[in-house]
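Here is a briefing on a single chain, grouped by topic. Keep the structure open while reading.

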Amino acid sequence: MGMSWLLGYTPHRKIGASGNILISGSSTFNNTYVWQGNSVFIPKWTKFCNTSKSVNVYCTNFTTYYNSAMGNTTIPVKEGVPKQYTYVAKGDVNEQIFLYSSKIDNDIVEIFIVDSNDVILSQVEIVENLYFYNAPSTYYCTVNNSPNFDYVYFTFGDDVSSKKLEVGTIVLIKYAETNGDTDNVSASGTVTKVNDVIYDSSGSVVTNVYFTNTDTISQGVSYEGIESIRNNAPNLYGAGYRCGTLTDWNTVVASLSFIAKSKVWAIS
């Protein structure tokens, strides 16, 4: 685990189950129902849950339930609990920010530069290697796992390859904590509550819509095991992301944790 970075390989952490829930103005989710209210906005990171709040998912893409929409609108979700962390920079070269939790899902992480009122000024792009960039006026950072998955850390630039954090710069990190494969949602009709305040296009709080999942929210995974890392890290290094042979394709595809099963073939 500690040496895999030398081969350019990042072992995956826990990853939350993925799926969809539905929003409708009809309590029965009638496919012919037409929503007559104002358009309803579901921002990314909006939280949903079951009645007892023991099952938690969140929206992964901004979704709108439009006025005059017929039937139901699909909201993409992942299992987990959204979190955020605010950090005030010291101004160090290659400054690092540490988040301590064994549950962090770094499959979806967003990093912003904000002002003192949390108004977003810019978004930081997450990259594989800071040294590949020649943009000293642009914020980039890398994300790395600890050797035992108990924290992740973010490394910013040095003002040579990319912009370093100045003293007092405020960094907002949005992420989620997940239980991975142990919290797949196997039963339909489980996620029925929104656990956040949502608004419509007039700025009013929305309370007269309904939510449900009609399918499973599944394929959550635990940490990548040592044997998998031992196999995938050198294979991926050997393939070099070239994808020039059948073996290369098999290796690169197999290294993606969100792919459950694949078939690769080639024409010679």
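A residue is called buried under 20% relative accessible area, exposed over 50%, and partly exposed in between. Val 197 has a relative accessible area of 51%, so Val 197 counts as exposed. The model is predicted. The points below cover cores, a surface patch, a sheet, salt bridges and some single residues.

**Nonpolar cores**

- The largest nonpolar core has 21 residues. Val 40, Ile 42, Phe 48, Ile 75, Val 209 and Phe 211 touch the most other members.
- Four strands each supply at least two residues of this core: S1 (18–24), S2 (40–42), S4 (56–59) and S6 (73–79).
- A second core is separate and holds 19 residues. Tyr 87, Ala 89, Leu 99 and Val 171 are among them.
- As background, nonpolar side chains tend to be buried together in soluble globular proteins.
- Which residues does Val 209 contact, leaving aside its neighbours within four places in sequence? They are Ile 23, Ser 24, Trp 35, Val 40, Tyr 65 and Ile 198.

**Surface patch**

- Val 197, Tyr 199 and Val 205 form a nonpolar patch on the surface. Together they have about 280 Å² of accessible area.
- Val 197 sits in the loop between strand S14 (193–194) and strand S15 (199–200).

**An open sheet**

- Three strands make an open sheet in the order S5-S2-S15, and the pairing is antiparallel.
- S5 (63–65) and S15 are the edge strands, and each pairs on one side only.
- S2 and S15 run antiparallel and are joined by two bridges. Val 40 has Asp 200 in S15 as its bridge partner.
- Val 40 is also one of the residues that touch the most other members of the largest core.

**Salt bridges**

- How many salt bridges are there? The count comes to five.
- Side chains of opposite charge can pair when their charged atoms come close.
- Glu 110 pairs with Lys 44, with the closest N and O atoms 3.0 Å apart. Glu 110 lies in strand S9 (residues 104–114), and Lys 44 lies in the loop between S2 and strand S3 (47–49). This pair links distant parts of the chain, 66 residues apart.
- Glu 110 is at 14% relative accessibility, so Glu 110 counts as buried. Lys 44 is at 26% and therefore counts as partly exposed.
- Lys 47 pairs with Asp 196, and the closest N and O atoms are 3.0 Å apart.
- Lys 78 pairs with Asp 105, with the closest N and O atoms 2.9 Å apart. Lys 78 is in strand S6 and Asp 105 is in strand S9, so the pair ties together parts 27 residues apart in sequence.
- Lys 78 counts as buried because its relative accessibility is 3%. Asp 105 is buried too, at 0% relative accessible area.
- Lys 78, Asp 105 and Asp 107 belong to one network, joined by salt bridges that share partners.

**Tyr 133**

- Tyr 133 lies in the loop between strand S10 (120–126) and strand S11 (140–145). At 30% relative accessible area, Tyr 133 is partly exposed.
- The C-alpha atoms of Tyr 133 and Ser 162 are separated by 6.5 Å, although the two are 29 residues apart along the chain.
- Leaving aside neighbours within four places in sequence, Tyr 133 contacts Glu 125, Val 127, Tyr 140 and Ser 161.

**Positive phi**

- Most residues other than glycine have a negative phi.
- Phe 149 is not a glycine, yet its phi is positive, near 65°. Phe 149 is in the loop between S11 and strand S12 (151–156).
- Gln 219 is not a glycine either, and its phi is positive at about 65°. Gln 219 is in the loop between strand S16 (210–212) and helix H1 (226–239).
- Are these two buried or exposed? Phe 149 counts as buried, at 8% relative accessibility. Gln 219 is exposed, because its relative accessible area is 55%.

Notes. Residues numbered from 1 in each chain as written. Predicted model: local features only at pLDDT ≥ 70, side-chain atom pairs only at ≥ 80, totals over all residues. Heavy atoms only, no water. Core = buried A, V, L, I, M, F, W, Y, C linked by side-chain atoms within 4.5 Å. Buried < 20%, exposed > 50% of the residue type's maximum accessible area, 1.4 Å probe, protein only. Contact = heavy atoms within 4.5 Å. Patch = residues over 30% accessible without salt bridge, like charges linked within 9 Å, V, L, I, M, F, W, Y side chains within 5 Å. Areas by Shrake-Rupley, 256 points an atom, 1.4 Å probe, with all protein chains shown as cover. Salt bridge = Lys/Arg side-chain N within 4 Å of Asp/Glu carboxyl O. Pairing = 2+ DSSP bridges.
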